[in-house]
Amino acid sequence: MRTAVITFPASNCNRDAAMALEKVTGEKPLMVWHRESELPQGIDFVVLPGGFSYGDYLRCGAMASRSPIVKDLVSKANKGLAIAGFCNGFQVLTEAGLLPGALMRNKGLKFVCRPEKLKITNSDSRYTSKYGAVTDVTFPVAHHDGNYYADDETLNKLEKQGQVVFRYADNPNGSARDIAGICNQAGNVFGMMPHPERAIDPLHGGTDGLDLFKSIIESI
Amino acid sequence: MKAIIHVGLKPGVLDPQGRAISRSLNDLGFEEVTKARQGKVIELDLSGDDPAAAETRVTEMCEKLLANTVIESYRVEIED
């Protein structure tokens, strides 16, 4: 099992993501710099970490989503590579067109930073299968632009196809239909604004995030 | 040549910043403001001298990077 974390200028959860992956796989992930034009051979799972890539210039995730490595990730994702994006990583995935919709400024205009209760709305996904009968988890959120938007047609399609994986119990940012995390139709690409990688150790205040990593790793 | 690109949220997309601006203006006594929408203006200096060709290229730039067409619309002006 080989995993990788992509690092952009001003990524700041890359090490958290690496800790989570090492904890679950027993192996340190490869840290891949965004200027690389190709992901090394044999990588099974890639995390796009949180942060403020390129200072959130133009739009959150916009610059990062046009970087050489993301171009390669898009083509590999379309062939089935498992990729997850958390927070800024989710923004990069939507900007790259790997996930539908967009993340806009929070409805309340404030940066929201707190533990957030989430409901698992698809427990059969490749990112949630290990949660079993657990329906509620708590992950931290920390973002200014996490207000998920998509048009009604897209939202209906996401719901119908089981692509809404997590919803907020108490919507912190105005996201459409309380959506916190979604996957693509094939189920290999997943994005969410909350941070499962910051909920993997009792010292974090909880370990609810571990099963998300275990789920996707086990599915490979 | 110069290209001036106006990028704004599409009609129907909630604009929390615009709403805050309109409320603030109301608080300052500008009661006539009923709505504000916030966008951005991007100016590009361009080489070449064919405005039609420039417009085509800048439109491509908007589609590829400058606007997120899921939520934003854009308008391009080319100046000599």
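In chain A, helix 1 (residues 14-25) lies across strand 1 (3-7), strand 2 and strand 3 (45-48), and runs at about 180° to strand 1 of chain A. Helices (H or I, at least four residues) and strands (E, at least two) are DSSP runs numbered from the N terminus; angles run from 0 to 180 degrees between N-to-C directions, with axes fitted to C-alpha atoms, for helices over the stretch in contact. Helix 2 (residues 68-77) of chain A also packs on the sheet, touching strand 1, strand 2, strand 3, strand 4 and strand 11 of chain A. Contact requires C-beta atoms, placed from the backbone, within 7 Å.

This is a predicted model, in which local features need pLDDT of at least 70 and side-chain atom pairs count only at pLDDT 80 or more, while totals for chains, interfaces and linings use all residues. Residues are numbered from 1 along each chain as its sequence is written, and chains are lettered from A and ligands numbered from 1 in the order in which they are written.

The sheet is open, with nine strands of chain A in the order 2-1-3-4-11-10-9-6-7 and mixed pairing; two strands pair if DSSP finds at least two bridges between them. Strand 2 (30-33) and strand 7 (136-143) of chain A are its edges. Strand 4 (residues 82-86) and strand 11 (residues 189-192) of chain A pair in the parallel sense over four bridges, and A:Ala84 stands opposite A:Phe190 in strand 11 of chain A.

Between the chains, the contact takes eleven residues from chain A and eight residues from chain B.

Methods
Contact = placed C-beta atoms within 7 Å.
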